[in-house]
Amino acid sequence: MLKKISKKTLIYIFVFIAVIGVVAGLIVGSFADMKVSKELSALEAEKIVTDTLERLPKSVSAGANEVAKKTSVKVNGIKYGEEKNIVLDCEYTTIDIATAINENKQDIMNSAYSKYVEGKKSGTMQNATKIRQSMTEELLALVNSAQQKSGKITLTLYEVKKGEFVLHLSDEAVDTCLGGILSVGQTIDTMNSVKYEGKVVDITNNNSIRTGIKDSFKLVNYDTKKPEVGNFIVKWCSEFADDFYRNFIEKDRWLYLVQGLGTTLAITGLAGVMGMVLGFLVAIIRCTNELTGKFKVIDKVCRVYLTLIRGTPVMVQLLIIYFVILLPIGIPKFISAVLCFGLNSGAYVAEIVRGGIMSVDRGQTEAGRSLGFNYAQTMVNFVVPQAFKAVLPALANEFITLLKESSVAFYIGVADLTQGGLKIRSLTYSNFMPLIAVALIYLVIVLILTKLVSILERRLRRSEH
Amino acid sequence: MSTNEVLIKTENLQKSFGKLDVLTGIDMEIKKGEVVVVIGPSGSGKSTFLRCLNRLEEPTGGNILFEGEDITAPKCNINLHRQKMGMVFQQFNLFPHLTVLRNLTIAPMKLLGVSKEDAEKRGMELLERVGLADKALAYPNQLSGGQKQRVAIVRALAMNPEVMLFDEPTSALDPEMVGEVLDVMKSLAKEGMTMVVVTHEMGFAREVADRVVFMADGVIAEEGAPADIFENPQNPRTQQFLQCVL
């Protein structure tokens, strides 16, 4: 026995094991090697944090820029983590801009409104930019008079590339270090009225004043997501997990696929049964005509049916059957799809079965007839069962084709498996996950069907040996 | 064994395939209990003649009377007559998807309305008679050629036919299996079954036949008792044929 395994086979096995080992090693290694590549001094860390915070305000956001300038972070302790990260124990000093704005919000708005009205009187167009510019000095003064504030915070740096560290800008980190600057916008948004010349003026509909002031404290879009670390394998894995979560788990999106699969199976099953019945009928009619010359007219009809169905794409048939024939008389999509695929499958089944019937030895018919069975009895008892056995693999293939072809049902809006995938795709803007998932589900179903058919085939064949 | 009652009678029976005339007018009477063996060179139309008797081939001319009724008449339901005319084929033509026993019982049950128990009882008797009772639940493809042909014979017998038609029943068999099939046919003949046998087994013809019919070129060239035909053939074609095969 051992001699039978040739050297060549052994080499293949060895190479196979080696490849698996290398791949597994790479993956495990990537996840295991998650320490930072170099250590940082407190000063270096401080510089990264300060630079990042200073870059956050928009260049035109004078208020925010001033806050950032008045902010400093001191690193007291450094800990190295297991995610290519460095945890910094920090002490920050900043100004309490949130309180300053909150306490003076009415004054700011009143002042902004009066400048707005004056500007209008002088004939210049007033918009958010103009308001922001005219308020700059006032707001800077406010910032300068704001209370100092200090405290402790833990910040985290991630090594995204070798030697390159990035501060994780969580909402908490940004808001705390910059004196509650994130709440400024919300505070201003609550201001709907101002006092002007002793009267209360409603400015609910005047957005430019609020926007102008908010813009002064605006930060450039920052990503609250954790920076991605590790080599491409780790990144790919975490991205994959994220994608998977977003496409299937979040908001129970997997249900689209499950419900779609149900619809697909229902369409395929019903259409398959219809196709079988129709196909066998047509095949028997055509064979009878071929062998006995009966049913001449029906045979012609059958031929037209076969030509039409086999000569046009199933997608076009579906569109015609639904939009041209069935929609006008109020037949629902699902039933239309079943009818269309049933008709379509019937044509192919008919030709398969006809081939099967013709392949049954003539002697079988003669034996049946010689015993006194009439033509129909002979067909039913002797010819068709044998033909069925002969064409079973081909019929199974046809059924599998039908399952796959039913995916065009989405075109008339049937919520089948393909449609489920497309729905997820339109919600998450991902392509990879939903489409690959749909493909895999089809594949698994096809493999299961193939296996079932081979079992059935073996069982049928056993009866002949 | 034969009585005087005529079971099958053909009158000027003709059959042509397109322009090819295979039978050019056959008149024959087959009496009840008679064993008629049809011999002749290949292409002489003997198989076609046999197959015309139960209209597996549609005759193109002439009449066939079976039990006095014209079975070539358009109104005649041939299926009812075929139930009384058993046929055995050269290629056995057993139903491969049915067990041996089911091969025997399906026709009586579905055509004669015999109950399952009765049909199976009779089937087992028939199988025992040809020594194949142990194969009742086997499928045809598990049997040897000789066994298949014996099953085919009892399948026809299960319908209790009036006449048995044999179309070269031993031609497709290995030589060592011919004997077992011929033995069954001999015992059938002894019991008084009416038989029409197309065969090349001259020994069988000589031993069993009541009458030997020599066919050539679509007509009956010569017929008579086996002793006369084999020992003292009159027609030169018969002489020539027998010289070749004996």
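**Aromatic pairs and their surroundings**

Modeller: Tyr113(A), Tyr116(A) and Tyr196(A) are linked by ring pairs into a cluster, where Phe, Tyr and Trp rings (Trp by its six-membered ring) pair if their centres lie within 6.5 Å, with planes under 30 degrees apart called stacked, over 60 edge-to-face and the rest tilted. The model is a predicted one, in which local features need pLDDT of at least 70 and side-chain atom pairs count only at pLDDT 80 or more, while totals for chains, interfaces and linings use all residues, and side-chain values rest on heavy atoms, without hydrogens or water. Residues are numbered from 1 along each chain as its sequence is written, and chains are lettered from A and ligands numbered from 1 in the order in which they are written.

Over all chains, a search of the whole structure finds 10 aromatic pairs. One of them joins Tyr322(A) to Phe323(A) in an edge-to-face arrangement, 4.8 Å centre to centre and with 65° between the planes. Tyr322(A), at 6% relative accessibility, is buried, whereas Phe323(A), at 40%, is partly exposed; buried means under 20% relative accessible area, exposed over 50% and partly exposed in between, with a 1.4 Å probe and protein chains only. Another pair is stacked, because the rings of Phe382(A) and Phe95(B) have their centres 3.6 Å apart and their planes at 10°. This pair crosses between chains, from Phe382(A) in helix H15 (residues 375–405) of chain A to Phe95(B) in the loop between strand S6 (85–88) and helix H3 (100–112) of chain B. Here helices (H or I, at least four residues) and strands (E, at least two) are DSSP runs numbered from the N terminus. The relative accessible area is 0% for Phe382(A) and likewise 0% for Phe95(B), and both residues are buried.

In chain A, four strands form an open sheet in the order S1-S2-S3-S4 with antiparallel pairing, two strands being paired if DSSP finds at least two bridges between them. Strands S1 (72–80) and S4 (164–167) of chain A stand at the edges with a single partner strand each, so one side of each is left without a neighbour in the sheet. Between the antiparallel strands S2 (residues 85–95) and S3 (residues 148–161) of chain A there are 11 bridges, and Asn85(A) stands opposite Tyr158(A) in S3(A).

Chain B, finally, has nine helices and 10 strands, and 56% of its 246 residues count as buried.
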